[in-house]
Amino acid sequence: MRSGEPPARPYSHVLIVFLLGWVFCAQEPDAAFGQRHRPAATPKPTNSPGMQLRILGESQVFTGSPPIANAPANRRVLFQSCRYGRDFRYVLENLPPHNQLRIELGFAELFAEAPGERLMQIEINGQILRDNFDVVAESGGARRALVVHHQLGPSTHLELRFVGKKGDAFVNFVRVEGLGQEIVIGPGAARLLQPENVAGYDLTRGEIRVQDGYAAPPYAMPLGGIGTGSLELLADGTFSNITIGNSWAEAIRGLRGCFLAVRAKHRSFSGEGRILAVGKGAPSFENAKPMLASRYRAHYPFCELEFEDPTFPLEVSLEAFAPCVSYDLLASSLPVVVIYVNVRNPNLYPVASAVALSWENMIGRGTIGVPPQTFPQSRTVAHNDAGTGELLGVHLSSLEPPLGPRTTFIGDQFVGTVTTGVVVSRLLNWDPSTATIPWWKEFIRSGRVARRPQNPEFWSTSQAREGNCAAVVTAAFNLGPKESRRIPFFIAWYYPHFVDADGTMHTNAYADRFASSVGAAFYVLSRLDWLVSESRAWGDSLFDSDFPGWLVQSLLDGAASSAANSVWWKGEAVRWLATRDNGALSFTNVELDPLVRAWADCFFPELDTDSWKLTLGDLKRENSASQRGPMQGSLRSGTQLTIESLAAITAKARRCADLDDDTSGVHKKFIHVIESAFEGDTLQSQLAKPGCEATFFADWPSTVTADLRPYKALYAAAVSKFLEELWTAEGERSRALRWRREVNEWDRLARTMFASIERGWISEEGHGPPSFAAYFAADWLSRTTSGQGLANDSLTSVIQMVVARHLPVDTIVPLEVPTTGGAFTAPGLLNSWFAAEAIGAGLPNAGLELAARLAQLRTAPYRNPWGMALFYEEATAQPAAELNHSVAASVWSIAQAIVGVHYDRRLERLIVLPRLPFELGDHVVLPVFTPHFHGRLDFDAQEHEWTLTILRTAAPPNGSALQVRKLIVPDPDYAGARREIDLTKPLLLRPGYALHYYSGRCEEEPSSR
């Protein structure tokens, strides 16, 4: 997190505290004192409690998310941040006088890209240590770790000076040994702390319990519409990680003025109130108490918070959600969060109650991630009464004109509540930076807040202000004995524009639908009951299934991360964020799109239509540094399409052909690109030699990518298989036969290559090439696009061998390494891919066990179960953290592999091939999610019978019915084989009906549910 710092600011003293074996400098966030490893016994006190740290000179702090190559595991978190400035110093005083000092300086260039762009001078106690120091030149590139060591004789004073000779000087961290303890100085030092008293996340129940000294983790399930940004209601009741104002590069945290509160008064007592938050994370005010404990449950798109406080006379809980309706992208992309506050009176006497929502004005605040373009809150804000008889609240806006990059963070927000059965009052402005809440006494007394100032009706300021601005909305009501009330509060936002690092302005898609945040809130209110029921329905189908609890929760978490980490601009497709790359939005590479979008494709199939057009546009652009922008995928290498890119295009074309009735439409253009690539030398040239030049694995170490040709051949087979099926459906038999021969040829080549490397593929220790899961990418791509994979006996034997090596170990062997460029990293992504492939290839038990282990790794203590999106790993204090949501999203491929239901509209073919792990049993009920319909499969593996109930269908193109003329089902006579059945009469897939298959026959009948 960046923060400005005045020049020559001394730190006159250092407060030392002990926390789990660490001695930490609480006054200076740049410093951590203590031992590197936690001691098993009581922490030892510092040998020199009088040590002082001062930071002199003008400097700033920057934190970046792209991974740092070759950084030691126990230093990785330190390299993610740096302090920079023209001339600044770290000064340590009052050191023990008789110790030899060992000094370690860490550098990783986060800005400059080429040698010579930055030169600096480093001095230690007035002596020049390095002159014309060029980190990029010495480390071998940007975002690569470099450590400089130095020894210094005994001294009571250590002064490190950093002077920029060309550009600013910088340092990531300084580590000092020889003082009886380890001293680490740097912006990332505080992130080394890993407190063991953080409440854990229960994967099976999706639950976090905060009590008895356990602090809430600094993340929660994101709430927000697709492409609109999100906010998080943490497990302790506080709001954090807010990106609703286009603040992708650095989410807003810890706003003191954002909280909920409740009041209770009975008989003649004066009343009392509580802030609905728990523990140290709760906003601290001298005149207001927080709750004592909380229990948090996340079942996307809903999260629940139950508060416990026996000293408070009422029972209070929250339920928050942002609409997510399957097959309805517009209803799922609303910039509104609804929070229901549930208040129950358990007593035998009446209680007067009230609930308040305070919301701080954050308009104008944000950063694009690249210094110096970081902006504070707007100094000219306006708060107005807003609403009608149904919904009343406060409209927060700014008088500041939107100019330049700051336009990104200028918008408006609305907070309000319904008026039915309650008395609503509003306070237009208060300063949350004060020690007390000025309206708290009145709120406790009457359940209302005084509207200040009374005149004028319009509250605003155009002058520079001290302090912050917040508004309050309250709802007062009476509760009889045992009575409950449920009060909805609305948080809406409207930030229409985003100016990227290149100065290009984009418009958020929702800006075309609403004129302000008030309009968005009223739209949600008008359809609230429907939005709640539809958003809950698809999640209920997961809970009603026989999926194990951990898998259900992983699926919900994966959907949450996909929805929250998305951007949708006017005229563009929804893009899923992978990382923030120094302020530029980094989207998932098109090659990995089929896996990353496993959830989205089954809920919002229309997203593919838009992305096809973008992909075609990308094909027309060269992949040069001057033209590289946030909207471009990695489709090209030089002037040739890569096989991976070609396969990704195939997946899009296959989906287009399946969803689009216009056979002369956009997918025809893709077919032209694909067939042209086969006619030229693109594929042959990429298979002519070992290595993976011109692939998205190109910057991995050569030891990892010694020979990736087999999986390239499989990609080519997947592409050929699509073309064969397409021309078969078009009645072009000669062209289909040509591509059938291509499938066989590429498949033969892949098997030959596999056979040549199979023996040396896996080491005796069970460690294979970290990228081996990529070998199965093409097979899974074929499964997701056509319902049938490419796996043959050779492939299956390799899968079995790899699985056998992995199952005995305690944890999954990493299957890939981070990219050095930092544009995309995928720890765990290919692991999920491989688990799904193992299930699809006939190893459901092993695949499910691998998936379970991966889920545990993702949700271990201090880890974010919602996908490590953007920069959230910064708060976890973990040295190894995932930077993209795609890991969480990829679990949907595992679910699809187990269920095994696929519908091909063009071929009018329904595939029902479940792969049931022993854990699920022989008779199961499974949820079905496809791009065409959602349903429920009741499957009996012993009797070879099933019933497929259709719950909801996507709107078919041109209103055409979803017909089934061919079935592909398990063959009861041969285990693992399949049977194709041509139906004499077509069956329809329509809501409220079910297909019942038994004794080789299939009938349509009304559903019992």
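This is a short tour of the structure, stop by stop, with something to select at each one.

**Before you start**

You're looking at a predicted model, where local features need pLDDT of at least 70, side-chain atom pairs count only at pLDDT 80 or more, and totals for chains, interfaces and linings use all residues. Residues are numbered from 1 along each chain as its sequence is written, and side-chain values use heavy atoms, with hydrogens and water left out.

**The whole chain**

Colour by pLDDT, the predictor's confidence in each residue, from 0 to 100. The chain average is 77, and 70% of the residues score at least 70.

Now switch to cartoon. The chain has 21 helices and 53 strands; these are DSSP runs numbered from the N terminus, with H or I over at least four residues for helices and E over at least two for strands. Of the 1009 residues, 62% are buried, meaning under 20% relative accessible area with a 1.4 Å probe, protein chains only. Among contacts between residues at least 6 apart in sequence, 69% join residues at least 24 apart.

**Select 173-177 and 182-185**

These are β14 and β15. They pair in the antiparallel sense over three bridges; pairing takes at least two DSSP bridges between two strands. Find V174 and you'll see it opposite I185 of β15. Side chains in a regular strand alternate between the two faces of the sheet.

**Select the six-stranded sheet**

Next, bring up the open sheet with the order β23-β22-β21-β28-β36-β34 and mixed pairing. The edges are β23 (289-291) and β34 (423-430); each has a single partner strand, so one side of each lacks a neighbour in the sheet. The twist averages 30° from one strand to the next, taken between N-to-C directions on a 0 to 180 degrees scale, with axes fitted to C-alpha atoms. Zoom in on β28 (351-360) and β36 (470-479), which run antiparallel and are joined by ten bridges. V355 stands opposite A475 there.

**Select 517-526**

This is helix α4, whose buried residues are S517, V518, A520, A521, V524 and L525. They lie on the same side of α4, because they cover an arc of only 160° around the axis (judged by the directions from the helix axis to the C-beta atoms). Elements covering them include β27 (336-344), β37 (484-494) and α5 (528-543). At the N-terminal end, S516 caps the helix, with a side-chain oxygen 3.2 Å from the backbone nitrogen of V518.

**Select S720**

Where does S720 sit? Its place is in helix α13, residues 709-729. S720 is buried, with a relative accessible area of 0%. Show its surroundings: leaving out residues up to four places away in sequence, S720 touches F678, W739, E742, V743 and W746.

Finish at α21 (891-899), a mostly covered helix with eight of its nine residues buried. The buried set is V891, W892, S893, I894, A895, A897, I898 and V899. Just after α21, check G900, which takes a positive phi of about 70°.

Terms used
Buried < 20%, exposed > 50% of the residue type's maximum accessible area, 1.4 Å probe, protein only. Contact = heavy atoms within 4.5 Å. Polar contact = N/O pair within 3.5 Å; in protein donor to acceptor, adjacent residues only side chain to side chain.
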